[in-house]
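Visitor: I would like to go through this structure term by term. For each label, please give me the value and the cut-off behind it.

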Amino acid sequence: MPASTPVRIAVHGAAGRMGEAILRAALDRTDSVPVAAWVRGGSALDGRPLSATFGASAPALSYTSRIPADADPHVLIDFSLPVAFDAALAEALARGIAFVSGTTGLRPAQRQALDEASRSIPVLWSANFSVGIALLSRLVAEAARALPDWDCEITEAHHAAKLDAPSGTALALGREVAAARARDFTASAVLTRAGAGTRREDGSIGFSAIRAGDIVGEHTVMFATRGERIELTHRATDRAIFARGALHAALWIAGRAAGCHTLIDTL
Ligand code: NAD
């Protein structure tokens, strides 16, 4: 689409933390304009003006429980819940517009629905919209291919309230390493080490998790051999990176042909 035309975005899950962050990121730019802020029916925000959240400079737009027929978005960005996801995808399909989603916890049938939708509309789903993590996975794959015999260890650090370990992103990085070396990830991954009998096996991919304070998210992929090592590190210090990444994806995907795109494609 012409570079001078602002991309019109509709946000589904607009009342949520991510929805609000995406609207805020869009309002900070001149190349994107929110045309719909879609909230759950019965939400306290339904019918309220965006200015109630974003101040007087927000466009004259109100939160709605459906996208108005005349809103005419180029892209629908969905950061909601699996239970709300189907309606968002159906809306993008019905309007024939691009669909960007970061909703996690989708069922296999919902991932399949995304694939099927990509035959008619451009689709981009990612569990992690950090552009830096997308580039890190590409660099990690390249290093793993170039250094097939070097030991690989992945360290991640997150805030004290995180429930799962290792992080989904650490596991995804480990899968990149295994795939680049044509190895089976499950057979290579060592998720924890404690006590005797934990000596490193050649070709294994080890994981370590740190949980402390309010760390947003840090990942280091180390490749080591005798006498030298390489460490590739990404540090997230602000959750707004996910909103900016989703918006970046929306601006990239607007006007593209139907298909299943990834965040890596946008770099
Ligand atoms: P949140 O709980 O703050 O927001 C979820 C929103 O979905 C809420 O506003 C809720 O009202 C809305 N919703 C629920 N049911 C709905 C319905 N039927 N119709 C319309 N809206 C409905 O959560 P969040 O932190 O904003 O995260 C949203 C999603 O994004 C989660 O799945 C989360 O795991 C995911 N997430 C992804 C990334 C990424 O980089 N991909 C980053 C952060 C969060």
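Visitor: Why is T262 called partly exposed?

Guide: T262 has a relative accessible area of 38%. Buried means under 20% relative accessible area, exposed over 50%, and partly exposed in between, with a 1.4 Å probe and protein chains only. The value of 38% falls in between, so T262 is partly exposed. The residue sits in the segment after β12 (259-261). From T262 to L76 there are 186 residues in sequence and 16 Å in space, C-alpha to C-alpha.

Visitor: What kind of model is this, and how are residues numbered?

Guide: It is a predicted model, in which local features need pLDDT of at least 70 and side-chain atom pairs count only at pLDDT 80 or more, while totals for chains, interfaces and linings use all residues. Residues are numbered from 1 along each chain as its sequence is written, and side-chain values use heavy atoms, with hydrogens and water left out.

Visitor: What makes H12 buried?

Guide: Its relative accessible area is 7%, which is under the 20% limit, so H12 is buried. H12 belongs to strand β1 (residues 7-12); strands are DSSP runs of E with at least two residues, helices are runs of H or I with at least four, and both are numbered from the N terminus.

Visitor: Which residues does H12 touch?

Guide: Leaving out residues up to four places away in sequence, H12 touches W38, L76, I77, D78, F79, S80, A84 and A88. Contact here means heavy atoms within 4.5 Å. H12 and A37 are 25 residues apart in sequence, with 6.5 Å between their C-alpha atoms.

Visitor: Is S118 buried or exposed?

Guide: S118 has a relative accessible area of 11%, so it counts as buried. S118 is in the loop between α4 (108-117) and β6 (122-125). Its contacts, not counting residues up to four places away in sequence, are V123, A258, G259 and C260.

Visitor: Which peptide bond is cis?

Guide: The bond from A165 to P166 is cis, with omega near -10 degrees. P166 is in the loop between β7 (151-158) and α6.

Visitor: How do you know that the contact of α1 with α8 has no polar residues?

Guide: The residues that meet are M18, A21, I22, A25 and A26 in α1 with F242, A243, A246 and L247 in α8. By class, they are nine nonpolar, no polar and no charged. Ala, Val, Leu, Ile, Met, Phe, Trp, Tyr, Cys and Pro count as nonpolar, Asp, Glu, Lys and Arg as charged, and the others, Gly among them, as polar.

Visitor: At what angle do α1 and α8 pack?

Guide: Helix α1 (residues 17-27) and helix α8 (residues 240-253) pack at about 60 degrees, with axes 8 Å apart. Axes are lines fitted to C-alpha atoms, for helices over the stretch in contact, and angles run from 0 to 180 degrees between N-to-C directions.
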